[in-house]
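Dear colleague,

I am handing over the structure below, and I would be glad if you kept it open while you read the notes that follow.

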Amino acid sequence: MDVDRATHTTTTPLADDASTPTAEAVPMDALVIQGGRKLTGRVEVSGAKNAALPVMAATLLAPGVHTLRNVPLLSDTRTMSRVLEQLGARVEFRGHACKIDTSGVRSVEAPYDLVRTMRASVYVLGPLLARFGAARVSLPGGCAWGPRPVNLHIEGLNAMNAGLEIEHGYIVGKDVRLQGAEYGFQTVSVGATAQLMMAATLAEGRTVLDNVAIEPDITALGEVLAGCGARIEGLGTRRLTIDGVRELKPIDTTIIPDRIEAATFLAAAAITGGSITVERCNAAHVAATMHVLELAGAEVLPGNGEIAISGPTLASAVNVTTAPFPGFPTDMQAQMMALCAVADGTSVITDTIYLDRFTHVPELTRLGAQIELKGNVAIVTGVERLQGAPVMATDIRASAALVLAALVAEGETRISRIYHLDRGYEGLAEKLVKLGAGVERVQE
Ligand code: EPZ
């Protein structure tokens with residue numbers, strides 16, 4: 001589906017050297033990890049995947065050249081680049097800086113073959129409706145751990161007069177003029193909050209969103225939109241008031257540090273009993289994880305833009321329940337389970353966000369973990385020692401949990417299908433080697 005060409009210049013293909021990042025996930029690579037080494041040293045956190053993806057989609061709202069700095073080179077940011085290019089935008093990476101020119105957008109169709117590889121592609125829906133009054137975006141499939149509905153995205157946009165229909169697996173909007181609306185989320189949803197925030201910036205009139213997500217990624221998106229000229233009140237609170245404007249301007253912005261990557265490294269230090277400093281991170285975004293790691297016996301020292309941690313010789317069992325920010329993040333549930341697998345005592349881990357996000361359990365069990373799963377509750381009985389073994393990555397955070405477990409397992413662990421890791425962690429193997437871990441990336 002094309003928009004009126006008269007309003008857009010055509011674009012020429014990018015030169016090779018300006019192609020999107022080469023963080024191509026090489027299919028079927030594996031990580032081979034020798035366990036038993038304590039991590040020491042300093043590690044730098046990359047830009048936040050879950051902040052970069054909505055901001056990349058938001059560039060569709062304002063024609064012109066946007067500059068996004070500190071963008072993580074991941075297969076997910078590569079996929080989002082492809083979605084934008086598919087729509088007619090020009091995307092050019094220079095290191096971690098990404099220039100996105102959306103003046104040439106001439107299509108409003110995000111095809112299934114791209115959306116199914118990354119659910120966050122659905123973020124282009126709101127911006128396309130807001131700027132072009134039309135969109136044809138594939139419904140995302142499920143993901144590794146089960147269905148991931150987008151009903152709140154559709155319901156919210158329809159409350160704004162989008163009149164969306166589902167046709168042959170696509171979310172379709174035609175001749176749409178978004179109207180401001182009052183909408184309360186019955187479930188706190190990061191993605192649906194981002195979606196409606198973006199759509200409301202160009203809608204006619206005022207939009208009031210209640211029970212919104214307040215993850216740092218959302219606050220950062222709101223600040224970017226305000227930088228483009230959007231009128232948003234209430235950022236950081238559960239209620240947003242957005243007054244639509246006629247147009248937005250391109251922006252030059254820096255993506256915030258990845259709080260889940262930072263938290264993953266803190267957990268890696270805790271599980272190995274090592275001492276590391278995680279640099280270029282915002283301790284306020286990692287408070288819940290720092291608190292749980294302290295309960296497990298780690299010594300955590302937040303500093304200015306960095307966090308120092310010394311892991312315990314033997315971690316104590318802890319009970320963890322995930323919750324929307326500022327609660328303990330579901331994206332750290334699997335990593336915490338790895339630590340609990342070798343802690344002293346029995347831990348209870350409950351995921352209230354995704355009741356079925358436990359594909360890492362059978363793989364951790366292969367390493368000798370003792371985990372009993374009851375619905376969305378995992379009862380983890382700490383063991384003396386995990387045993388290295390061949391295991392398989394199933395999703396981004398499950399893979400990270402297997403890496404953490406492998407760091408302390410006796411002998412060698414081989415983790416296959418680590419393209420899952422490449423979706424959410426930039427250069428994880430290299431960063432761990434720099435911290436003294438025995439990690440090697442091999443092609444299967
Ligand atoms: C974002 O996903 C993150 N992804 C996820 O991180 C993260 O796990 C999740 O938020 C929760 O924090 C990105 O930001 C790209 P939700 P999202 O909408 O927006 C239900 C990672 O590892 N729901 O906050 O899809 C949903 O099923 C990824 O980096 C609906 O029912 O999550 C879940 O139970 C994995 N209908 C709850 O809401 C909807 O329309 C919260 O999901 C939308 C969501």
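A polar contact, as the term is used here, is a pair of N or O atoms within 3.5 Å; within protein, one must be able to donate a hydrogen and the other to accept it, and residues adjacent in sequence count only if both atoms are side-chain atoms. This is a predicted model, in which local features need pLDDT of at least 70 and side-chain atom pairs count only at pLDDT 80 or more, while totals for chains, interfaces and linings use all residues. Residues are numbered from 1 along each chain as its sequence is written, and side-chain values use heavy atoms, with hydrogens and water left out.

By that definition, an N or O atom in the side chain of R119 lies 2.8 Å from an oxygen atom of the ligand, a polar side-chain atom of S189 is 2.7 Å from a ligand oxygen, and for the side chain of Y354 the distance is 3.1 Å. The protein covers 87% of the 830 Å² of accessible area that the ligand has on its own (Shrake-Rupley method, 1.4 Å probe).

Around the ligand there are 23 residues (a heavy atom within 4 Å), of which N151, S189, G191, D331 and I353 come nearest. Because domain 1 (48–254) and domain 2 (259–443) both give residues to this shell, the ligand lies between them; the domain bounds come from an automatic or database domain assignment.

With kind regards
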